[in-house]
Amino acid sequence: MRTFVLRARAAPTDSQALLANVGGDAHTEILAHTLMNSLFVAQSHRDDVVVHLVLESTQDYSRTISFIGAEMQNIGGFHEKALLAKVANALDVSQGLSKEQERAVEPGIRVRTLSFERLVKDLAEDHQLYVMDKKGDSIREVDFGENPCFLLTDHIPMPKKTFNSLKRLGAEKISLGPRMLFASQCVVLIQNELDLAGM
């Protein structure tokens with residue numbers, strides 16, 4: 001199983017604000033692009049992938065929206081508008097939740113009022129965590145285990161204190177090359193490396 005976590009620090013948890021920010025300062029289109037490149041291949045989708053989107057621009061709690069490839073049924077299209085509609089719907093379903101509560105949205109999609117830190121702590125129990133860093137080990141030199149989990153961020157970098165927390169959880173820094181890439185581009189390269197390795 002492959003897991004991707006996108007920490008969208010600028011993405012609003014209000015559905016209308018999310019949709020209004022496509023192409024705006026929050027760059028909410030990154031959510032759709034990352035979903036697209038994580039879940040889809042030509043004429044099919046990947047059933048061995050889980051994607052967690054963590055939206056952090058909020059009045060109350062962060063929202064973690066999880067897409068489980070093996071359980072998804074009605075994807076509704078792989079274009080930006082359709083994917084953002086799924087995210088917006090999950091945000092609407094999450095209204096009224098208290099901290100660290102969960103609701104099912106539709107088959108293969110669930111939403112939780114869960115912070116990035118808590119999500120990653122939970123994932124660390126049965127996943128090897130990898131965080132993107134230009135100074136990390138080349139992805140081509142990494143021996144991946146059965147449940148790799150890749151931690152990505154939007155256009156706002158991870159805080160330095162987050163790297164310290166991730167290190168304590170056993171996260172390894174990996175590099176995809178000398179250039180800073182979009183999260184959605186990182187996903188394509190990671191998927192390709194794992195495909196080539198027969199994982």
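1. H52 sits in strand 4 (residues 49-57); helices (H or I, at least four residues) and strands (E, at least two) are DSSP runs numbered from the N terminus. H52 is buried, at a relative accessible area of 5%; buried means under 20%, exposed over 50% and partly exposed in between, with a 1.4 Å probe and protein chains only. Apart from neighbours within four places in sequence, H52 is in contact with T3, F4, V5, L6, T64, I65, S66, R112, L119 and L123, contact being heavy atoms within 4.5 Å.

2. This is a predicted model, in which local features need pLDDT of at least 70 and side-chain atom pairs count only at pLDDT 80 or more, while totals for chains, interfaces and linings use all residues. Residues are numbered from 1 along each chain as its sequence is written, and side-chain values use heavy atoms, with hydrogens and water left out.

3. The open sheet has 8 strands in the order 6-7-5-4-1-9-8-10, with mixed pairing; two strands pair if DSSP finds at least two bridges between them. Its edge strands, strand 6 (102-106) and strand 10 (172-175), each pair on one side only. Strand 1 (residues 2-12) runs parallel to strand 9 (residues 148-153) over 5 bridges, and V5 has L151 as its bridge partner in strand 9. Helix 5 (residues 160-168) packs on the sheet, touching strand 1, strand 8 (128-138), strand 9 and strand 10.

4. The largest nonpolar core holds 41 residues, and those with the most contacts inside it are L31, L53, L55, I65, F67, V87 and F150. Helix 3 (residues 80-93) gives the most to this core, with 6 residues. A second, separate core of 14 residues includes V5, L119, V120 and L123. A nonpolar core here is a set of buried Ala, Val, Leu, Ile, Met, Phe, Trp, Tyr and Cys residues joined through side-chain atoms within 4.5 Å.

5. There are 4 aromatic pairs, where rings of Phe, Tyr and Trp (its six-membered ring) pair if their centres lie within 6.5 Å, and planes under 30 degrees apart count as stacked, over 60 as edge-to-face and the rest as tilted. F4 and F150 are stacked, at 5.5 Å centre to centre and 25° between the planes. This pair joins strand 1 to strand 9 across 146 residues. Y130 and F144 are edge-to-face, at 4.9 Å and 75°. Y130 is buried at 2% relative accessible area, and F144 is buried at 12%. Ring pairs link F4, Y130, F144 and F150 into a cluster.

Notes
Axes fitted to C-alpha atoms, helices over the stretch in contact; angles between N-to-C directions.
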